[in-house]
Amino acid sequence: MNAALLALGGTPPLPSPGQAPGVYQGAADVIAALMLLLEFGMLRQALVRDQVRLYAAQSAMISVLAVVIAADRNLPDLYALAALSAALKVFAVPLVLRRLLGPPAVEETRGVAGSYTLSPASAVLASIVLAAFGFFCFGSLGIHSAEVPALALSIAGAMVFVAFALMIVRRDVASQAIGFFSLENAISLASLVLAAELPLLLETAFLFDLLLAVVVFGMLIRAHHSRADSLSTADLTRLRG
Amino acid sequence: MLGVILVILIVPLAVAVVSFLVPARLAAVITIASGVACFGLVLALIPDATRGAATYLSYLRADALSCVFLLATAFLYAAVGVYAAGYLKGRTDRYARRFYLGFNVFAWAMLAAPLMSSLALLWIAIEVTTVVSALLVAIADTDGAAEASWKYVLIASAGLGLALLATIFAYYAGAQVLGAHSNLAIQPLISVGSRLPKTPVRLAFLLAVLGYGTKVGLVPVHTWLPDAHSEAPTPVSALLSGALLATSFYAILRFYQVAAATLGSGFPRGTLLVFGIASLLLASLYVFGQRDVKRLLAYSSVEHMGILSVGVAFGAPVALAGVLLHVVAHAAAKGNAFMGAGVFTVKYGTKQMPAMRDGLRLLPWSGPLFLLAVFALSALPPSGIFRSEFEIVAGGLGSGDYAAAAVLVVLVTIAFFGLATSTTSVLLAPVPAAKAPAETGTAEQIPVEIAAIGTGAAGGAHRNGGAPAARGTVAMEARARASGVLAPGEPSAWMVVPVLAGLAVLVLLGVHPPGELTNLITQAAAQLRGAP
């Protein structure tokens, strides 16, 4: 019935209290929750290699959500977007990052493993507070409809804050880069929830722009490593004031 | 007009590709030609843009507002292109070709941004400026440059992530009225502004100010700016400060137009006032005690972006006109200042102002020109910045914002003292009688053009601690510096001529702005107030 309403240009009604959410709403909420959990996982992981795996899994969630939306709302462009997103964020970006890191045993000697500014427990606690703040901020906006699952949007807001926390509490360039990439995933989630029908050309342009950013991040990480023989940012303190 | 726009978009990109493949001298020539051509084309665009906006091929648009920012960028592209020819003397061919590739792509992205008709494409253009300029900041291959480029790319990219979120919310708001297949075109959003849902527009504007404000250098998201602007090669610093900040501010102005149409001007003006005053306050205090000449100018840029924000916050027609005049005048003045600072850096072999003395005597052209650039930045007449800031303050007083106008004047005056005390010692204080060889700090603080003269790979010499073979005028300066004696003389005429051009522009804008420019600015200011 929702599909028929959409085809006629109408807006499907919100589920009434006690009524189970539709496939799209339910899937979006579950996927968003899983993505947030994966984000906390990235925050907690000591090794960047494991963070990369979790990032790839989080990116896969985005592609799955795009397929669900495409099926539910009859948007064939989103299938192409899901494929492109998977190719870039599930495969290409993690591959680039793993190559930058080198063999697993080397990671510990490069000032990466466990490079926190706060202890892991404190970092997680602080992130929970930030996530809650983001969740309720976005939730209070009152932006919701059958096409905009409010819970998924609120979780996207929480993910934005946790991504910033990941960039702040980790003292190595690779983790900070992953924090930025997971910020992009949070924004992709918000984009799928709010702007699923954005023209494919623009969505593709966003993706390739991300690819460009990944390349530049990779080049700068490599340059940093070649100068400092480390991925740690602890020595990036010469420029102050 | 479409032909002009297409040429502006194609030429710098083509030149970028070609400059990577040809010898450095040819790359310099075609870069200068491209810059001058683009400036001429933007001038040709002015009459049509003043008459009215036009959209081409669905995604290109030129109106009075975009033309003002194009003018600032194109002028600096031409001027800094000439300057770079002298600045890169003594560099290896490989370094120079990489530089010109990045330089031209950077200029292209900054020229493309104001020509995009859609908020989404505008975001993409500004993202391209970020990634390209981050590589240009790192090109000097010093520890400072590596640190600055990492901070820049991380903070600016995170900011642009917020700006993308702003764009998404703007799309959502627009889709409620224009339909789901809206392509985020700016003018339709403004046209239906009164019907857009208020909450997402409010959130989009806030996120845009925070996100794009990171690139503008608004406090508190400015922390990358002093590092990147001071560690980048001087031509890049000039473009970063004079053109990129303004281009990013242009993006905020487009969101401002949508927000003002939806919410009224009160909320967006209040937001910009807060960020503007914070930026002015921090910058005016931080210009005191700076030892690095380029870092000093970087904080001056934060100050001037604060002035732009406060000017828009005033909202009066004369204030908005002052803001737009300030964009062009600041580009000329800041470009001049950085180009002058670059000459000092080459001459003394350091960016540290305590090591620079007797500048007026040792640099008979660049010394006085640098002094005039600093005076211009401090809004002394007859520079265009004096006129623009006068208009902004007049607009503030006229719209009843007495407190904000007073704060603006006080903070600008404080910044003037900070700039003046730093630069007058550089220019006027004599060299001490028993002067030791110029203190250049660690190897990483020596500009690479000094350390890498005559070597095969830029950066390789100073990293490996090797002593480079030397040739050319810049090399003679290096030998003189090593012996503790500096002779009067300019490193290169190429580094003086564009500063003279910038000075001419500043005087023209201050004394008698051309009628066509005045009409353009008037039309652009009217757009900001809601005219079509």
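In this predicted model, Ala156(A) touches Ala32(A), Phe138(A), Ala186(A), Leu189(A), Ala190(A) and Val193(A), leaving aside residues up to four places away in sequence; contact means that C-beta atoms, placed from the backbone, lie within 7 Å. Local features need pLDDT of at least 70 and side-chain atom pairs pLDDT 80 or more, while totals for chains, interfaces and linings use all residues. Residues are numbered from 1 along each chain as its sequence is written, and chains are lettered from A in the order in which they are written.

Ala156(A) and Val68(B) have the most contacts inside the largest nonpolar core, which has 295 residues. Such a core is a set of buried Ala, Val, Leu, Ile, Met, Phe, Trp, Tyr and Cys residues joined through C-beta atoms within 7 Å, where buried means 20 or more other C-beta atoms within 10 Å. Helix α6 (residues 143-178) of chain B gives the largest share of this core, 23 residues; helices are DSSP runs of H or I, at least four residues long.

Between the chains, 33 residues of chain A are in contact with 32 residues of chain B. On the chain A side, α7 (150-169), α8 (173-194) and α9 (200-228) each supply at least two residues, and the largest share, 12 residues, comes from α9(A).

Within chain B, the axes of α12 (residues 293-314) and α13 (residues 317-348) come within 10 Å and cross at roughly 175°, the axes being lines fitted to C-alpha atoms over the stretch in contact. α12(B) and α13(B) are therefore roughly antiparallel, a term for angles over 145 degrees. Among the residues making this contact are Leu297(B) of α12(B) and Phe338(B) of α13(B).

Note on methods. Axes are lines fitted to C-alpha atoms, for helices over the stretch in contact, and angles run from 0 to 180 degrees between N-to-C directions. Angles under 35 degrees count as roughly parallel, over 145 as roughly antiparallel, 65 to 115 as roughly perpendicular and the rest as oblique. Two residues are in contact if their C-beta atoms, placed from the backbone, lie within 7 Å. A residue is buried if 20 or more other C-beta atoms lie within 10 Å of its own, exposed if 12 or fewer, and partly exposed in between; C-beta atoms are placed from the backbone.
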